[in-house]
Amino acid sequence: MTSIFSKIIAGDIPSYKIYEDEKIYAFLDIHPIQLGHVLVVPKEEIGDILDMSDDSLSELMLIAKNIIAPAIKKATNCERVGFSVEGLGVKDHMHLHLIPLFQLGDLNPEKAHTETSENMKMIQDKIVSSLT
Ligand code: 5GP
């Protein structure tokens, strides 16, 4: 079975792409907890973080820490960027959530909502143009 994130990576399902390299793909979460909520996924379809090699996990975290999170911070002017790994919704493809945080409680999944396509495009452009 192909995971929904592999379909996104292949371009079979559209996404607001933030970053791509040989091994990693990042895109806006379709139901952001905060505007600017990004999912960072390994292209290799591994379900559980515990099954990732140390090298793959290190690469994912370093791209998230050094490239994507600073761009989210710059684009949203948030105080911090929250990192979380949960995977109870999409279980067959490990993903890292990067979420702009402004105040306590901003990681609460109950804040997940739908944004307008205009807002999604606007924050995609801002984050992408903040990548260094
Ligand atoms: P989990 O609870 O598994 O850690 O989170 C899965 C995340 O994937 C959720 O935040 C959900 O909104 C997001 N998601 C699920 N399907 C899609 C999709 O088709 N496109 C995008 N961009 N995000 C998705």
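The largest pocket is lined by 25 residues, and those nearest its centre are Phe5, Asp29, Leu39, His95 and His97. The model is predicted. The ligand takes up the space of this largest pocket, and 16 residues surround the ligand. The points below take the pocket, then the shell around the ligand, then single contacts.

**The pocket**

- The volume of the largest pocket is about 500 Å³.
- Three elements, α1, β2 and β5 (96-101), each supply at least two residues of the lining of the largest pocket.
- Of the elements, α1 gives the most to this lining, with three residues.
- By class, the lining of the largest pocket divides into 15 nonpolar, eight polar and two charged residues.

**The shell around the ligand**

- Which residues are the closest to the ligand? They are Asp29, Gly87, Val90, His95 and His97.
- Asp29, His95 and His97 are among the residues closest to the ligand, and they are also among those nearest the centre of the largest pocket.
- Both α1 (4-10) and β2 (24-28) supply at least two residues of the shell around the ligand.
- The largest share of this shell comes from α1, which provides three residues.
- Nine residues of the shell are nonpolar, five are polar and two are charged.

**Contacts with the ligand**

- How far from an oxygen atom of the ligand does a polar side-chain atom of Asp29 lie? The distance is 2.5 Å.
- For Gly87, a backbone N or O atom lies 2.9 Å from an oxygen atom of the ligand.
- For Ile30, a backbone N or O atom lies 3.3 Å from a nitrogen atom of the ligand.
- Each of these pairs counts as a polar contact because the cut-off for a pair of N or O atoms is within 3.5 Å.
- Taken alone, the ligand exposes 520 Å², and the protein buries 82% of that area.

**In short**

Terms used
Residues are numbered from 1 along each chain as its sequence is written. This is a predicted model: local features need pLDDT of at least 70, side-chain atom pairs count only at pLDDT 80 or more; totals for chains, interfaces and linings use all residues. Side-chain values use heavy atoms; hydrogens and water are left out. A residue is near a molecule or strand if one of its heavy atoms lies within 4 Å of it. A polar contact is a pair of N or O atoms within 3.5 Å; within protein, one must be able to donate a hydrogen and the other to accept it, and residues adjacent in sequence count only if both atoms are side-chain atoms. Accessible areas come from the Shrake-Rupley method with a 1.4 Å probe; for residues, only the protein chains shown count as cover. On a 1 Å grid over the protein atoms alone, a cavity is a set of points where a 1.4 Å probe fits but cannot get out, and a pocket is an open set with protein on both sides within 12 Å along at least five of seven lines; lining residues have an atom within 4 Å of a point. A molecule sits in a cavity or pocket if more than half of its atoms lie within 2 Å of its grid points. Helices (H or I, at least four residues) and strands (E, at least two) are DSSP runs, numbered from the N terminus. Ala, Val, Leu, Ile, Met, Phe, Trp, Tyr, Cys and Pro count as nonpolar, Asp, Glu, Lys and Arg as charged, and the others, Gly among them, as polar. Grid points are joined across faces, edges and corners, and a volume is the space filled by probe spheres set on the points.
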